[in-house]
Amino acid sequence: MMLLAIVNAPQVEISTIEGARHSGVLTSADADSWKLEADGKPVEVLLSSILEARLQTKGETIAAPPHETVLTDGSRIGTSSVALSGDKLTIVAASTDSIELPRSAIGNIRLAESPDSLDEQWTDLLERERREDWLVLRKQDKLDFVPGVISEINEQHVFLLLDGDTVPVPRAKVFGVILRQRQSDEAKSNGIIELVSGDRLAVRTVTSKGADFTLQLAAGPSIVVPMQSVRVVDFSADKLTWLSSLKPRDIKHEFRFIDPAAPLKNDLDVWGDELRLGNQTFTRGLCIRSKTIVRYRLNGDHSRFVALMGIQHGYAGDVHVEISADGQRLLTKDVTPQDEAPLEVDLDVSGKFTLEILVDYGKVESDIGDHLVLAEARLLK
């Protein structure tokens, strides 16, 4: 049975807070560690050091279901079936069997397919303060809402308690429902699971048995998901902040040539290609052209700035790099394509409030091919 589970389990690549990468077949995962079979040898990675696990799933991307349920913990689940009865919501998702959720865990439910023309209106409604449930109706190209209490949802109707009367509203007329805001402590999420269907689940724990993951959602219940349905398991939120997820305080770029490429690109090369240093590719990081200064707010919340630095693979440019925090220069380096390996950046930013990255010309006074990559650039907490 164990051999069969290993055969059916997908390959996984684990990246750690120390910058290490481990690849192999996942044999087990629990509250303490993940265990892999790599080249016939067992490898154990402590959960406390895991930033992200990417699964090399063979399944094709699943088409988005017609409905979407968003939980109060931020989980977004595409659903083909939605039913609310009393304090229990039952949904059927693309990658799981039916899931039962308490009403208190539900933020909103979109019951109709959403044309792009209505997305902004729906988002605007979600951001408004509300003390009652809202039944959202579509009237041609407009969304409107009726406040009350959503008491039931079935295949034919949404039932709204309004002024003491229960009004059945045909599902065909309902765009979605937004439940009232509640004052309660949000469940702690220790990780985010991204499924091949596009669903994102906030989870407390992730364990594995055979070819399945058991996920305890931050919203409460536990569900079982096939490993082949999981694309990424991200444990980084409580350990670090990816620099590419932050909006720069400001960007200054001195244009010397007519060039449409952006001075800064997050998680891609400035031309939109994947980040690559030597024979390694990276899903997170920055690509910065020369004659650019980028500043980020740190607010004294981080201890170290860590990255791998080099010139994007295939480009011949060279640059001069200076990295400072609160005006104190922490690193000065010339970076060229001839560097044998990516340069490891590990800087102390404890108590600092501003991080500045300056990329200037190298020995060649031109920015042709000057594509500096800061792969896996992250701020450790």
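Two strands are said to pair if DSSP finds at least two bridges between them. The strands themselves are DSSP runs of E with at least two residues, while helices are runs of H or I with at least four residues, and both are numbered from the N terminus. With that in hand, look for an open sheet of 5 strands, whose order is β22-β27-β32-β29-β30 and whose pairing is antiparallel. At its edges stand β22 (250-253) and β30 (328-335); each has a single partner strand, so one side of each is left without a neighbour in the sheet. From one strand to the next the twist averages 10°, an angle taken between N-to-C directions on a scale from 0 to 180 degrees, with axes fitted to C-alpha atoms.

Inside this sheet, strand β29 (residues 319-325) runs antiparallel to strand β32 (residues 354-361), and 7 bridges join them. To find your place, look at Glu322, which stands opposite Leu358 in β32.

A word on the model itself: it is predicted, so to speak of local features a pLDDT of at least 70 is needed, and side-chain atom pairs count only at pLDDT 80 or more, whereas totals for chains, interfaces and linings use all residues. Residues are numbered from 1 along each chain as its sequence is written, and side-chain values use heavy atoms, with hydrogens and water left out.

Stepping back, the protein chain has 2 helices and 33 strands. Its C-alpha atoms fill a box of roughly 75 × 55 × 40 Å along the principal axes. Of the 381 residues, 46% are buried, where buried means under 20% relative accessible area, exposed means over 50%, and partly exposed lies in between (1.4 Å probe, protein chains only). Among contacts with a separation of 6 or more, 61% are between residues 24 or more positions apart; a contact here means heavy atoms within 4.5 Å.

Now, how many residues of strand β28 (residues 304-311) are buried? The count is 7 of its 8 residues, so the strand is mostly covered by the definition of buried as under 20%. Strand β28 has two antiparallel pairings to trace. With strand β31 (residues 343-348) there are 6 bridges, and Leu308 stands opposite Glu344 there. With strand β33 (residues 371-380) there are 7 bridges, and Ile311 has Leu372 as its bridge partner. In a regular strand the side chains alternate between the two faces of the sheet.

The loops deserve a visit too. Between β27 (292-297) and β28 lies Asn299, a residue other than glycine with a positive phi, near 60°. Asn299 is partly exposed, with a relative accessible area of 47%. Asp163, in the loop between β13 (157-162) and β14 (165-170), also has a positive phi, near 55°. At 75% relative accessibility, Asp163 counts as exposed.

Finally, visit Leu47, in the loop between β4 (41-46) and β5 (50-56). Which residues does Leu47 contact, leaving aside its neighbours within four places in sequence? They are Asp30, Ala31, Asp32, Ser33, Trp34, Phe235 and Lys239. Trp34 is 13 residues from Leu47 along the chain, and their C-alpha atoms are separated by 6.5 Å.
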